[in-house]
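Here is a friendly walk through one protein model. Take a look at the structure first, and then we'll go through some of its parts.

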Amino acid sequence: MYILATYTVNQSEEWGNFRWKVCDWSIKIDWNMELLVPTVSDIIFKYTWSIANYKKTISKRSSIDSPSFELNVNGIHSSWNLSIRFWKGPEGKRITNPVVLCLNILNCIVEEAEQAKIRFQFGVFNANVKHWEYCHVSRTVLELKSNNDIISLGYKDLSIVDRHLKKNGEVDLMVKIQIIQCESEKHSLSQDMDRLLKHPRTADTKLICGGLAGIEIPVHSSIITARSNVLAEMLSPISVSPIKTELELEKDEEQKGYKEGQFLYSLELLDISKDTTDELLRYIYSDHVDNLDNLAPQLLSLAERFSLQGLKELCERNLIETITPYNIANRLLVADEFGCEILKKASLAYCEENLTVLNKSLAWKMMEQMNPELFNEVCEAGMGSSRSSNIDDSELSN
């Protein structure tokens, strides 16, 4: 039986290109109480974590975890927390600024597994002006199912400086979370097309990927052709046996399943792994990608190669949201190689704002030697007056 929990809508806030209602809990919600709303997508949950004696706390502990908090809404019972982790410098010494602020889901109970989009945004309170400073909005896709496994949904590098410290040394961190259920998308064109990819009875093309393994995936030439002119040109006709009657085809299917002899075309992508090909096909069929956090650089390359502008924009957005001091040089190289102007601007801005924490890795030396124009542009954005990557030439041979 559902019980309606009390909440207060403090304000409407801009988030991305939309205005959302923000829920700030004024009472402690019991585990057995649940918020009932027409759709979860209308609600943003906000949790504030106060860390007492911040400087002393981070100096003594290798990791910090917030108290857990619960989000119970529309059949989704979940427990979450925030955590602080630390980078290590070149010599293995722990770096205490910036810290890594993580959002974790501790456990989840749902009646039926479902896919949901999670949007979240971190913030730190500016004690000088009494105002929250927000990070960029992050997004991820998660399969919500009943389990007790801890899942880290994402993280941000967060610099804590004097303006964030209250007079008593306390620091306030915050996260806003939005759970977007995909219920409204059931039986939409994109989901129906995704199901078509998983049930290839009418497929007329065998896509071959995975290098020497030569993994074959049944696909549909009409969809491939409609989505990419480049891939359409790569379709190769296969010599086929005389056309069978419908009765003969049904008999073959009953006896041996789908007949390979019915393929009319082949499409060779032998240089692409099976996992990457699966995500490429998911985008081609449904306009969605599930594993961008791990495959964005590879998929960006394929998007450029096969003229898939929508996929390129998805990858570029993901790469912007996952910039860190350790990958910023690679982000700049990728942006320059594939003409990603938005990614390049965001990366240059990150260099300017985070000069002191940039990790001068081998990628910087490669940039300086192979793409001096880009390296000079980064220097002008704030890398410093010394235009050197501070890496010995000997490291290039390692």
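Let's begin with a pair of charged side chains: Lys 344 and Glu 377 meet in a salt bridge, 3.1 Å from N to O. (A salt bridge here is a side-chain nitrogen of Lys or Arg within 4 Å of a carboxyl oxygen of Asp or Glu.) This pair links distant parts of the chain, with Lys 344 in helix α10 (residues 341-353) and Glu 377 in helix α12 (residues 372-383), 33 residues apart. Lys 344 counts as buried at 13% relative accessibility, while Glu 377 is partly exposed at 30%. Buried means under 20% relative accessible area, exposed means over 50%, and partly exposed is in between, using a 1.4 Å probe and protein chains only.

A word on where this comes from: it is a predicted model, in which local features need pLDDT of at least 70 and side-chain atom pairs count only at pLDDT 80 or more, while totals for chains, interfaces and linings use all residues. Residues are numbered from 1 along each chain as its sequence is written, and side-chain values use heavy atoms, with hydrogens and water left out.

A search of the whole structure turns up 14 salt bridges. Three of them are set out here.

| Pair | N to O distance |
|---|---|
| Lys 344 and Glu 377 | 3.1 Å |
| Lys 198 and Asp 194 | 3.4 Å |
| Asp 162 and Lys 55 | 3.6 Å |

Which parts does the Asp 162 and Lys 55 pair tie together? Asp 162 sits in the loop between β11 (151-158) and β12 (171-181) and Lys 55 in helix α1 (residues 54-60), so the bridge joins parts that are 107 residues apart in sequence. Asp 162 is exposed, with a relative accessible area of 55%, and Lys 55 is exposed too, at 52%.

Lys 198 and Asp 194 both belong to helix α2 (residues 189-198), 4 residues apart, or about one turn of the helix. Lys 198 counts as exposed at 56% relative accessibility, whereas Asp 194 counts as buried at 15%.

**A sheet and its helix**

Helices (H or I, at least four residues) and strands (E, at least two) are DSSP runs, numbered from the N terminus. The protein chain has 12 helices and 16 strands. Four of the strands form an open sheet in the order β14-β13-β16-β15, with mixed pairing; two strands pair if DSSP finds at least two bridges between them. At the edges stand β14 (215-219) and β15 (236-237), each with a single partner strand, so one side of each has no neighbour in the sheet. Strands β13 (residues 205-209) and β16 (residues 265-269) run parallel over 5 bridges, and Thr 205 has Tyr 265 of β16 as its bridge partner. Helix α6 (residues 274-286) packs on this sheet, touching β13, β14 and β16, and its direction makes about 5 degrees with that of β14. Contact means heavy atoms within 4.5 Å; axes are lines fitted to C-alpha atoms, for helices over the stretch in contact, and angles run from 0 to 180 degrees between N-to-C directions.

**Two crossing helices**

The axes of helix α9 (residues 328-338) and helix α11 (residues 362-370) come within 8 Å and cross at roughly 35 degrees. On the α9 side, the contact involves Ile 328, Ala 329, Asn 330, Leu 332 and Leu 333, and α11 brings Ala 363, Trp 364 and Met 367.

**The whole chain**

Of the 398 residues in the protein chain, 44% are buried.
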